[in-house]
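This report goes through one protein chain part by part. Keep the sequence and the 3D view at hand while reading.

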Amino acid sequence: MMNRRSEENVEDGGMTGVLEDYESMIGARKLRVRRDEKKGKQLIATEMYSEGDTVLRERPLIGLQSIESKMQVPVCAKCFRFIGNAELHYDIVSGRCSRSTLRKDDTWRFRKETTVSFRETNIVQCACGECFCSETCRKESDTHALLCTASVPDDHPIVKFKIHAMQTNEIFLLAAKVVASIIVRALKNHKDPMKDYRGFVRRLWWDVVVEGENSEEKEESSEEKEEPSSEEKEIPLRDILCDLTKESLDLLRKGLLNERSESESRVMAQYLTLDFYGRIIGMFEQNQISIDVESPLSVLLRETRHDETKHKLNELLLRAVDDSEFPSLTGTAMFALTCGTINHSCDPNVSLTWDLESSGVPCIELKALRDIQKDEEICFSYIDEDMSFEDRRAVLMDYGFVCECAKCLRGD
């Protein structure tokens with residue numbers, strides 16, 4: 001079974017250094033990472049896991065809340081913990097409070113027990129609108145300082161960069177966070193600014209996307225297609241994506257280098273090239289995992305034993321929300337171990353779900369779907385494994401590999 005990470009970026013420190021990095025991440029867990037010539041990196045169980053055991057819990061390495069979710073669900077920009085209290089989330093959904101002000105109304109409270117899993121936090125709000133759950137998270141978010149728009153005019157390149165990303169593709173916002181985090185380390189003379197990301201495959205974004213598109217076309221090659229006229233011929237997708245990336249990078253580069261010293265600009269410039277930026281975006285295209293964490297209001301509705309609280313929440317659900325549940329935290333994220341080492345299988349031995357740590361920080365949890373033997377590879381499914389064999393193969397073409405798990409070899 002080939003996987004999307006089979007091409008390694010050994011130029012950034014070598015595979016030996018990458019495996020050593022993973023050893024420190026794994027720590028005391030019953031896991032190890034090994035190198036396979038065909039599949040690339042593999043996550044291996046060093047002891048047996050029984051069905052239902054938690055194999056791995058991991059916080060996001062980096063992520064981005066979707067714009068739509070950001071307007072409805074206030075979370076910390078650093079750790080993604082829900083901020084404020086349940087009453088604040090209720091007021092936002094009901095329209096009593098706007099996302100821009102986030103004023104907590106302390107004149108009323110839900111009746112709720114300590115068993116309800118919602119940890120109330122402070123709201124530390126930057127003048128640009130970004131929110132954090134604590135001063136600690138705000139101070140640790142060095143990347144935010146580079147990308148903050150609080151003290152710049154509306155025509156500043158960094159403002160234009162964010163507007164361009166929101167109008168074209170949110171993946172540029174995520175790429176900017178990565179680039180900013182690397183630049184912060186480089187400016188602090190970190191010996192390896194790329195350490196967190198060198199274990200990931202970093203192919204050019206337009207190559208990754210176009211390769212997936214071409215694979216789909218090959219599947220349909222048996223169907224006869226009329227040759228389009230000169231008026232109907234479209235601009236190649238690769239050119240469109242490359243031009244979008246150039247526009248985005250030009251704005252980001254101008255915004256970050258604005259009023260920088262010559263020495264700082266020299267350090268930063270090496271991470272603001274089209275090739276580097278395109279590969280960072282391609283890294284996300286191949287390795288991202290969707291964020292989906294249910295609203296604290298949904299948890300409160302499910303866990304509370306108070307009829308008055310249930311009635312208030314159900315009334316809001318019927319009145320203010322089109323769906324059958326409250327808005328959840330959504331977005332995209334990358335994980336050092338899960339995205340960097342775990343391969344796909346249409347017959348996986350672990351499932352992947354979102355959960356909250358006791359501290360309230362969202363993380364992903366991998367649980368054993370069956371008994372996992374010592375030295376067995378840990379695999380989850382990147383897609384809906386209940387699809388037909390033909391549909392699974394077509395969807396996996398977007399990832400750039402053909403699955404050769406036992407299920408696919410049988411043609412199930």
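## Terms and overall make-up

A residue counts as buried when its relative accessible area is under 20%, as exposed when that area is over 50%, and as partly exposed in between. By this rule Arg57, with a relative accessible area of 27%, is partly exposed. The model discussed here is predicted.

The chain has 412 residues, and buried residues make up 50% of them. It contains 16 helices and 12 strands. Among contacts between residues at least 6 apart in sequence, 71% join residues at least 24 apart.

## Salt bridges

The structure holds 21 salt bridges. Side chains of opposite charge can pair when their charged atoms come close. One of the salt bridges joins Arg57 to Asp355, with the closest N and O atoms 3.0 Å apart. Arg57 belongs to strand β3 (residues 54–58) and Asp355 to strand β10 (residues 350–356), so this pair ties together parts that are 298 residues apart in sequence. Asp355 has 30% relative accessibility and therefore counts as partly exposed, since this value falls between the limits of 20% and 50%.

A salt bridge also forms between the side chains of Glu262 and Arg266, at 3.8 Å from N to O. How far apart are Glu262 and Arg266 in helix α10? They are four residues apart in this helix (residues 262–269), so about one helical turn separates them. Glu262 is exposed, at 66% relative accessibility, and Arg266 is exposed too, with a relative accessible area of 55%.

Arg370 and Asp347 make another salt bridge through their side chains, again with 3.8 Å from N to O. Arg370 sits in the loop between β11 (362–368) and β12 (379–380), while Asp347 sits in the loop between β9 (343–344) and β10. The two residues are 23 apart, and the pair links distant parts of the chain. Arg370 is partly exposed, at 32% relative accessible area, and Asp347 is partly exposed at 36%. Elsewhere, Asp21, Asp192 and Arg198 are linked in a network of salt bridges.

## Nonpolar cores

The largest nonpolar core has 85 residues. Which of its residues touch the most other members? They are Phe172, Leu252, Leu256, Tyr277, Phe284 and Ile378. Helix α7 supplies the largest share of this core, 13 residues. A second, separate core has 14 residues, among them Ala77, Leu102, Phe132 and Cys137.

Leaving aside neighbours within four places in sequence, Tyr277 is in contact with Phe161, Phe172, Ala175, Val179, Thr245, Ser248, Leu249 and Leu252.

## The largest pocket

The largest pocket holds about 1300 Å³ of space. It is lined by 47 residues, and those closest to its centre are Leu64, Lys70, Ala77, Glu130 and Lys177. By class, the lining consists of 26 nonpolar, nine polar and 12 charged residues.

Several elements each supply at least two residues of this lining: β4 (62–65), α2 (67–72), α4 (135–140), α5 (142–147), α6 (157–168) and α7 (171–187). Which element gives the most to the lining of the largest pocket? That is α7, with seven residues.

## Cavities

There are three cavities of 30 Å³ or more. The largest cavity has a volume of about 50 Å³. Its lining is made up of Val18, Asp21, Tyr22, Met25, Lys195, Asp196, Gly199, Phe200 and Ala336. Five of these residues are nonpolar, one is polar and three are charged. Helix α1 (residues 14–26) gives the most to this lining, with four residues. Asp21, one of the lining residues, is also part of the salt-bridge network with Asp192 and Arg198.

## Helix α3

Is helix α3 (residues 86–94) mostly covered or mostly uncovered? It is mostly covered, with nine of its nine residues buried. The buried residues are Ala86, Glu87, Leu88, His89, Tyr90, Asp91, Ile92, Val93 and Ser94. After α3 comes Gly95, whose phi is positive, near 90°.

How values were computed:
Residues are numbered from 1 along each chain as its sequence is written. This is a predicted model: local features need pLDDT of at least 70, side-chain atom pairs count only at pLDDT 80 or more; totals for chains, interfaces and linings use all residues. Side-chain values use heavy atoms; hydrogens and water are left out. On a 1 Å grid over the protein atoms alone, a cavity is a set of points where a 1.4 Å probe fits but cannot get out, and a pocket is an open set with protein on both sides within 12 Å along at least five of seven lines; lining residues have an atom within 4 Å of a point. Grid points are joined across faces, edges and corners, and a volume is the space filled by probe spheres set on the points. Ala, Val, Leu, Ile, Met, Phe, Trp, Tyr, Cys and Pro count as nonpolar, Asp, Glu, Lys and Arg as charged, and the others, Gly among them, as polar. A nonpolar core is a set of buried Ala, Val, Leu, Ile, Met, Phe, Trp, Tyr and Cys residues joined through side-chain atoms within 4.5 Å. Buried means under 20% relative accessible area, exposed over 50%, partly exposed in between (1.4 Å probe, protein chains only). Contact means heavy atoms within 4.5 Å. A salt bridge is a side-chain nitrogen of Lys or Arg within 4 Å of a carboxyl oxygen of Asp or Glu.
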